[in-house]
Each structure stands twice: as C-alpha cells, then as structure tokens.
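Thanks for making the time this morning. I would like to walk you through a few places in this protein, so please have the sequence and the structure open as I speak.

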Amino acid sequence: MSGKRIKLSGAEYRKRAEEKNKKVKLIISQTPKIQSLFKKKPDSDELIEKSLRTDDETLKSLKLNSDEQVEKLLKTDDDTLKSDIKLICKTTNVPICPSQDPALWEINSDMIDYFIRNPVVSNPKIINFDNTIRKCGEFNRKLPRDIFKRKLLNGEIKDRQWLLYSTSKNALFCFYCLLFSNKKTQFSSTDSGFTDWKKCFEKVEQHEKNLMHNESIRIWFSRRKITTGIDVELKIELEKRELYWRSIIHRLIETVIFLSGRGLAFRGNNETLGSKNNGNYLGCLELIAKFDPLMSKQLDEYGNKGRGNVSYLSHTICDELITLMNKSVLCNIVNEVTAAKYFSLIVDSTPDITKLDQLTIAIRYVNLDGTAVERFLCFIPSVGHKSKEMEVAILTKLTELNININYCRGQSYDNARNMSGMYNGLQARIKEKSKNAIFSPCSAHSLNLVGCHAADVTKEGYNFFSLAQNIYVFFSASTWRWEQLLISLKNIPNSMFIKNLCPTRWSSRFSVCKSLKIGFKGVLNSLKSIALNLDQKAAIRHEAESMYKKIDTLEFSFMIVLWTPILERFDATSKNLQSVNIDLSCVVKLYESLEMYVQDIRNRFDNLLVEAKQISGHEIFSFEEKRNKRKKCFHDDLDVQDTIFHGQEKFKNETFLPICDTIILCLNERKMAYIEINKIFGFFLNMEEIDNEILREKSKQLVAIYSEDLEPDLENEIIQFKTIVKHFSAEEKSSMHSLLEALTTSKLNDSFPNVEIALKLLVSIPCSNASGERSFSVLKRVKNYQRTSLSDEKMSSLALMNIENCVLQSMDWNDFVKKFAAQKARKKL
C-alpha cells in the first residue's frame, strides 16, 4: 500500500497551478522585451509631430506594460513601423514620445538618446506671449519676443534655437544644458527654469557665453557622431540597402530616358531575362549588367523570379516609372509657364495609325532669360472637329495643369475654318476667355496655301505636278524600272533620285523639281528604252511612251525652270518660319522679301525661256504645232476683234504671268494678318528714327490694348529706352526676339519693366504651329503598326518624353527616386 499514488484534491491542484503561474509571470516580468534592444530612427516627421501634439496626460497614461499592446504594435503597417521611436522605453513607465514642454521631461539615457537623434528647436510662433506675464518688482512683464533672436555686431540676426519655452512653468530652458549640464542652473533645472523677464536679455547673453553651456554643446555634438551600438549598426545596414535600391532605380530611369528619347518600344514578346525577344527595356538592362557589377548582381538575384517578388524589373514598374516621369516633366514645364506668366496656344489634330483623331496641344512662352520656347503638353484622343469640342478639351487640360487661361496672349492654328473662324472658330472662343489672345495664322501653312493656289490656277501648273508624281510612281512600282533609271542617271553629274511629292509639306516639292531638272535627260532616256523594250507588257510600254511624249515638251521644261527657283526660296523661307526663335516682325520681312523675289522672276520670262529650250532641245511649244481654231462668228455679234496670243506670248500671258501674279497677290493678302499685329509693336525696332511725340502716342495705344498688363509709365520708359537702344548692335536690334534677349542679358530689365513686358507679349505670340506638326512625326514613330494597342495615356507620356527629351535629361531625379519609393512603400527602401 506504501507505493500507492495518492490523488491530490482539486484545491491542491489549483493552488500548485497558481504558484506555477506566479513563477512564470515573475520570470517574464524580469526578462526585458526584445523591442527594447532595438532603437530605430523615425522616418516620418508627420507621426512625430502628431505625437508631440498629443495631450501630455494621455502620453503619461499610455504605457507599454502588456504583451497585448506590444503585439498590437507589431501588427501595424510599414508606415507605422517607421515610428519605432515609440519603443525606446523599456518595460518601465517612460513616455512613448517626450512632451513638447521641457519642464515635463524625465531626463534619462533613453530620453537623451531620443533627443540626440531628434533635436528640439525653439518655435516662438506657437507661444502665446500674452500668457507669459510675470510679476517683476512693481510691474507686470511679458516674455520679450526678440529673446529668441540674437543680433550680431554687424547687424545679422541669428535664431537662438537652443532656447526653449515651458508652458507649464512659464519659464525658459536651455536644450543642451538640460541634457548634459553637470551643474544645475536656472536654464538647466526642470524644477524652476529662468523666469526673470526684467533681466532676460542680460542673463540669456551671459548664459550663451558660459563655458558650461559650450561644454554641453560639445557633448551633444560628440554624442551625435557616435558610430557604435546595435541600433547604429542596423541603421548603417538599412542605409546600405536603401542606397543599393536607389542606385538600381537610377539605372532604370536612365534606361527609360534612353529608350523614350529615341521613340523605341519597351516591351517584347516575353519578360524572360536571356531571351532575345524580351524587348528593348530588359535588353538594355542586360547590356548594362555586362559592364556594371551592381546591375549584374540585381539580375542574378532577382531576375526571372516571377510575380510577387520585388525586383523593379517588371513591366508594371516600367509603366509606373513612365507615368511618374511624365508627370515630373509636365510639372517642370508648368512651373516655367507660371514663372513666365504669359503664354500662347498651339493646337492641331491628325489621325493616328488606328484612324483615331489625336488633338495635340503645345504652348509657347518666354523664359526668364528672354528666350522663347515651345513645349509639347499632350495628345487628347477623340475630341472631334467642332470648335466647341476642342475648346472644352483645351480648357479642361489647362485647368488640370493649373495653367490660367486668362494669361493667354496668343494662339496659332492652321487656316481651317473650325480653327481660324473669326466668329465661331476656336480662336474666337479662346478670345472670349482671354480678350488679348491674338490669333496668328500659321505662317508656314499660309505659305503652303500660296504655292498650292498658284499651282492650281493654270492648267499647265496643275498638270506639271501631277505628271511629276506619275513619273515617281511609274519608276518606283518596279525594281527593274528603277534600276534602268539609275543606270541612265549614273552618267549625269550631280544627279539625284527622283522624289515623291509630299501632300502636306508643299515647299518640299523643291527637291522634286531639282531632281527632274538635273536628271531630265536621264528620265527621258529611261522612258524611251522602256517603251521600246518588247519584253515589257504592252500596257507598260504604252504608259512609258505616253509619259515620254508629255515630258518631252518645252512647256514641261519651262515649268521645271520656273518652279525650281521659286520653290527653293519657298523651302528656305518655310524652314525659317518654323523656327522657334522668330517673331512676327521677321515673318513680315520674309513675306515681303519673297514677294519681291517673285516680282523679279516675273520680269525674267525671256531668260527662263532660253534655259528651258536648252534643257528640252525644243524651240517652240507643243501647242504651236497644232492648227489654230477660228472662232465662229454670228450675224448679231459685235464687230470687236478678240486679242489672240500666239506662241511665246500665249504661254506667257496664259500660264507664266497668272502663276507669278497669283503668288504675289496671295503673299500680299496673307502678309496683312501679320502686319496688323506688327503695327502694334513695330515701333520698337525703329524707335531711333521716330519722333518722341509719335512714340508716346504709340505707347498709349499699346497700353490701351493691354491695360491689364502694362502701366501708363510705358511711354516714359520708351523715351528713356530710346537712348539705350543706340548702344545696341545692329544684330541685337534686328528682331523683337533679339532685342528682348539684349535687354534681359544687359540687366536693364529692372529699369524698364514695362518695356520688357511689352516685348514678351509679342515674342510669346507663335508665328507657326510647327511644334504641333512635329509632334505628329513623333506620334507616327511611337504609335506605329506594331504598337497599335498602346493606350492613349501611355502614348501621350512617351511622346512627351521623346519631344521634351532635353528637359528630361536636364532634370535631377534624386527627389523623384524618393517620391517613387514613398509611393510604392516597399520594405526594401
């Protein structure tokens, strides 16, 4: 019976279990929490400021004395984990975050470590000085506001950031001495603090020169330089990881800049590293990895890991980089526009490869250095061709970008009625929003219309360009025919390939005429050999023979001789008109010079005829070989003899003169739109020759038009500026743009602010919408037949990064990397 097990009662079981739980709790309470061994520097100032504003009593009552609260903190998100400063205390009753009141601080090692990482500076703005009244002798005194600033002997003002104010004690404390001073003084004792407002300035100046104060500063500074401890090692490791990932993102950004600047596609058929079909983006990264150990390490460790792994190599991150970079470039442009204040609109539209209409918006403004720039903003799809629809789209986009339409001072579109209509066109609707938004028709497009109208005014002119295009189509349709043409042109010096007619760039037809003029004999020989070649089909031989007969005439040769010099001048003038650094005064000069040139051509018919005869080898026109038809007269006709021209006179009066006169007349008509605008500002270029009274009158007219922008003092500034202009060079006075640059670079714009504004108003008016046309070329490269599924937003972003690649490359992307990391909230950063 002695070996029988005695069963304990229920009360004994409960007693022993209670003793066991007490021992376990005692062991747990004596064991420090794991969080107390790791102290992290907070990365979020917002959380710290929020906690600093928390009520002091609430902070004192909030303790980390239970496993449940610790577990709750450990389950917070990444942003909250950044505020691990709340865990600097041990299991003792230390506040999670120190109070803003220095009198309530409990100075210990943990508190000192916190303030070493997060120094407190004085903030007089939050002090209510009306509540600082103290009885000093017989008078009540307030804390002086200027006590937080120190005036040096040379007059400079320095902030006393070390001087802190306590609301609870209504006293002043020294931040450094509170933490590190061995000897307690009024400024370092939390019991009292400094309260003598009468001698406030005197005592504070004595304290800041005190050796004990300086020693406290030295200790604080040396403690900040300490590089030992577990928390410091963790911080160093974290910074290394952060530097690594930011270096990777910088390489990704440069790759995006490289590809977007050249309009190349990013993605391929797959996203597998090592595959030849993984696209240009991953291909460039693989190329960089061959010479960059950092990128090589990145691809080895994180490449081909699949979804769910943070590597920054996926197309999702690439698309987000493109979107954010696009916003950064747009923000940069908007900041420049805001600084410039005045701007002009450039709008045009075209269908893309998917037949979807794309509205392009560009903007012109004058930088602070006086140079005019034109920036592309975006493409807007499916807007429509009605002026109302375009107006809504433009105003919506400008509002989205925070660009004020009231500062629009110019607009340039093509000559389409929905754009240029003076009553219901887009220009009229924009003027309703900004009355001084002067409309300037695209000068390059107007020049194209002049040439088109002149070519269509006569039968010979129309047939000439149609035949020139047929020649190109005939030879380019067959490689054998093209080879025969090259053989014939090979023996002709300085010969050129025959060119295709461009339907939009009309001035480029100069290259068509030039190639035909130089290779005229070669084209004839090629057509003749093809027509006589029995191996060719009958239809081809008949077509070549028919074309040969039409070309081998004096009329065709004369049209080549006439149009080649005219189009050469048209082409050179059109390229100049499309320049950004040109103003309306230059447009008027170019139109007038072209008008005078065509007038000279008009008087040189005989010389052109001699040259045409030399090229063609014919002495008479083809119509002279036909029998002249007599007009049948009826008995009731008046006895009036009609003037009938024959031979050269007939061609001159019915073909040559109408073409020249049409060009001169159209140039003169198109020029008037720019002369009207130039009359308002034109006196700036010849003010030295204008009487002062006339200058005053013109300046008053200018102020009346731009009453919201110019002050009445403009007339006085112009009279004085007249004497300054005499010292400018002839080149600086050649145009409004150069005059504005000379005024800005000479640093005289502060003395003549209204003159500068007036010049900016004119220079900001665009002379052509060539920037919009150039964006169409980028559109064709970015959204081609292989990239038809490209989204409109991404297409617009890539177009912006391609067109404004100079802005993209000049930007500092360090801040962008931080913003990108913050948006993604990755643990790796």
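In which helix is the place of L594? Before I answer, please keep in mind that what we are looking at is a predicted model. L594 belongs to helix α24, which covers residues 584–602. Its relative accessibility comes out at 3%, and because buried means under 20%, L594 counts as buried. If we set aside residues up to four places away in sequence, L594 is in contact with L447, R569, F570, T573 and L667.

Let me move on to a serine in a loop. S181 is found between α7 (175–180) and α8 (200–208), and, although it sits in a loop, S181 counts as buried, with a relative accessibility of 9%. The side chain of S181 reaches the backbone oxygen of K183 at 2.8 Å. Leaving out residues up to four places away in sequence, S181 touches Y176, S188, M212 and S216.

Finally, I would like to turn to a helix taken as a whole. Which residues of helix α16 are buried? In this helix, made up of residues 426–433, they are L426, Q427, A428 and I430. As for what covers these buried residues, the elements include the strands β7 (343–351), β10 (408–412) and β11 (438–439), together with the helices α14 (387–400) and α15 (417–420).

Note on methods: Residues are numbered from 1 along each chain as its sequence is written. This is a predicted model: local features need pLDDT of at least 70, side-chain atom pairs count only at pLDDT 80 or more; totals for chains, interfaces and linings use all residues. Side-chain values use heavy atoms; hydrogens and water are left out. Buried means under 20% relative accessible area, exposed over 50%, partly exposed in between (1.4 Å probe, protein chains only). Helices (H or I, at least four residues) and strands (E, at least two) are DSSP runs, numbered from the N terminus. Contact means heavy atoms within 4.5 Å. A polar contact is a pair of N or O atoms within 3.5 Å; within protein, one must be able to donate a hydrogen and the other to accept it, and residues adjacent in sequence count only if both atoms are side-chain atoms.
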